[in-house]
There are 2 protein chains.
Amino acid sequence: MAAPRRLLHDLCGADPARRFSPYCWRAKLALAHKGLEVETLPWRFSDKAAIADSGQDRVPVLRDGDRVVADSWRIAEYLEDAYPDRPSLFGGPGGRALARFVNTWADAVQIPGIAGLVVADIVPHLGPEDRAYFVASRERRYGKPLAEVIAGREQRVGQFRQAMHPVRMVLRERPWLGGADGPAYADYIVFGGFQWARCVSAFPLLTPDDPLHGWRGRMLDLFGGLARRAPAEDRSGG
Amino acid sequence: MAAPRRLLHDLCGADPARRFSPYCWRAKLALAHKGLEVETLPWRFSDKAAIADSGQDRVPVLRDGDRVVADSWRIAEYLEDAYPDRPSLFGGPGGRALARFVNTWADAVQIPGIAGLVVADIVPHLGPEDRAYFVASRERRYGKPLAEVIAGREQRVGQFRQAMHPVRMVLRERPWLGGADGPAYADYIVFGGFQWARCVSAFPLLTPDDPLHGWRGRMLDLFGGLARRAPAEDRSGG
């Protein structure tokens with residue numbers, strides 16, 4: 001039997017169906033946007049050996065035939081360049097340039113903002129082999145117990161919602177962030193963060209009247225409900 | 001003598017050469033990017049009548065033949081659509097879509113951040129006819145005297161620099177924000193805010209080792225030094 005042609009190492013919890021990495025979601029949605037089949041391989045923090053040939057130790061890692069590509073942004077650029085006849089992720093060179101800005105904004109503002117509200121909720125979803133590593137590495141980063149990191153989140157979530165205002169202002173004008181006619185990679189970048197939270201936490205990041213909430217619902221419906229079908233804690237529907 | 005074909009109403013201070021509006025700078029650089037000659041008309045907050053036919057009361061307002069276009073974003077879209085054979089401001093549909101996100105980010109994060117550090121420095125540049133209006137309207141917005149708004153700015157500027165991190169991360173990788181090969185409208189959006197500050201204040205928003213400082217210097221040099229030649233308070237060179 002031939003080996004599967006396209007594989008993605010995809011972070012999971014103790015339950016191999018619990019796929020919560022925001023960066024892996026960016027890659028999975030980029031692959032779906034390109035209409036490319038992929039087999040996702042459950043990967044845990046302790047599985048460093050499985051991706052050692054990528055030259056680094058984090059997922060997503062894409063294997064496309066003989067090519068090994070690590071890092072969600074590099075995967076998106078690789079897919080755009082390797083499959084130019086498929087639907088574009090960027091909508092031209094200007095869109096690719098500014099999608100990088102959306103990526104740096106999400107990594108600098110959105111992801112840390114979400115982590116400060118839900119990071120402790122990840123722990124119960126991890127298997128014993130990952131839990132000690134995850135807690136120790138994150139507590140070192142924050143300099144305090146993860147329960148303290150998320151303490152007072154009901155009071156602090158307003159700051160996070162305020163920080164999402166640049167996206168909200170765009171979504172008041174049109175249904176998608178990255179494209180006039182449909183979602184683009186910029187949408188997958190930002191959605192990845194919300195899907196990460198949704199998979200591990202029931203904490204409400206968004207209010208139902210927020211344009212971001214409606215957009216998140218549209219994103220969950222894309223590609224036959226690819227993201228909506230994923231095991232998740234947040235049942236708000238949007 | 002025929003009337004000039006293309007005019008821009010451009011905010012100025014008591015000195016008609018002191019042009020400090022961030023939104024007018026976006027429009028002037030967009031016009032220069034398109035290689036379009038324009039006559040800029042000094043405009044003051046008290047000159048509402050001069051732009052009444054634009055249906056609103058703020059600048060920039062562009063007059064291009066019979067067309068009257070208000071709002072810097074609308075002007076950029078107008079120029080892109082009306083002059084498609086000139087160099088593109090957006091680099092394709094994806095770039096236009098995401099330039100709107102850069103615009104909302106700048107308006108929600110960068111402009112308020114800069115205002116909180118330099119707004120009181122605008123006042124001495126205003127003529128008597130504008131000063132009372134400006135101070136009253138801004139003090140109403142902030143709920144306190146403008147001297148108090150900028151108080152402690154030496155301690156707070158670090159927060160502003162931190163908020164610029166998404167742009168900085170891009171500029172560590174390449175020389176321009178909006179394009180791979182040269183500046184695009186996204187660069188003019190963000191530069192407009194820095195040029196606003198530079199025209200009215202000597203307060204150092206950026207440190208010389210910041211990639212944003214080098215980028216600002218490149219922006220000042222564009223179009224024969226269009227922005228560098230403008231009367232300014234900040235002499236840092238970048």
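I take a salt bridge to be a side-chain nitrogen of Lys or Arg within 4 Å of a carboxyl oxygen of Asp or Glu. By that rule I count 2 salt bridges between chain A and chain B. One of them pairs Glu173(A) with Arg100(B), where the closest N and O atoms are 2.5 Å apart.

Ground rules for these entries. The model is predicted, so that local features need pLDDT of at least 70 and side-chain atom pairs count only at pLDDT 80 or more, while totals for chains, interfaces and linings use all residues. Residues are numbered from 1 along each chain as its sequence is written, chains are lettered from A and ligands numbered from 1 in the order in which they are written, and side-chain values use heavy atoms, with hydrogens and water left out.

Entry on symmetry. I superposed the copies by least squares on the C-alpha atoms of residues with pLDDT of at least 70 in both. A rotation of 180 degrees, with 0.0 Å of shift along its axis, brings chain A onto chain B at an RMSD of 0.0 Å. The two copies are therefore related as by a two-fold rotation axis. Within chain A, the C-alpha nearest that axis belongs to Gly95(A), at 1.8 Å. Both copies use the same surface, since 100% of the contact residues of chain A recur in chain B.

Entry on the interface. With contact set as heavy atoms within 4.5 Å, I find 27 residues of chain A touching 27 residues of chain B. For area I use the accessible area (1.4 Å probe) that two parts lose on being put together, summed over both. The two chains bury about 2100 Å² between them, 73% of it on carbon and sulfur atoms. In chain A, Leu98(A), Phe101(A) and Pro166(A) lose the most area to chain B, together 30% of what that side buries.

I also looked up polar contacts (pairs of N or O atoms within 3.5 Å; within protein, one must be able to donate a hydrogen and the other to accept it, and residues adjacent in sequence count only if both atoms are side-chain atoms). There are 8 residue pairs in polar contact between the chains, both residues being at pLDDT 80 or more.

Next I asked which elements build the side of chain A that touches chain B. Helices (H or I, at least four residues) and strands (E, at least two) are DSSP runs, numbered from the N terminus. The elements giving two or more residues are α3 (93–122) and α7 (165–171) of chain A. The largest share, 13 residues, comes from α3(A).
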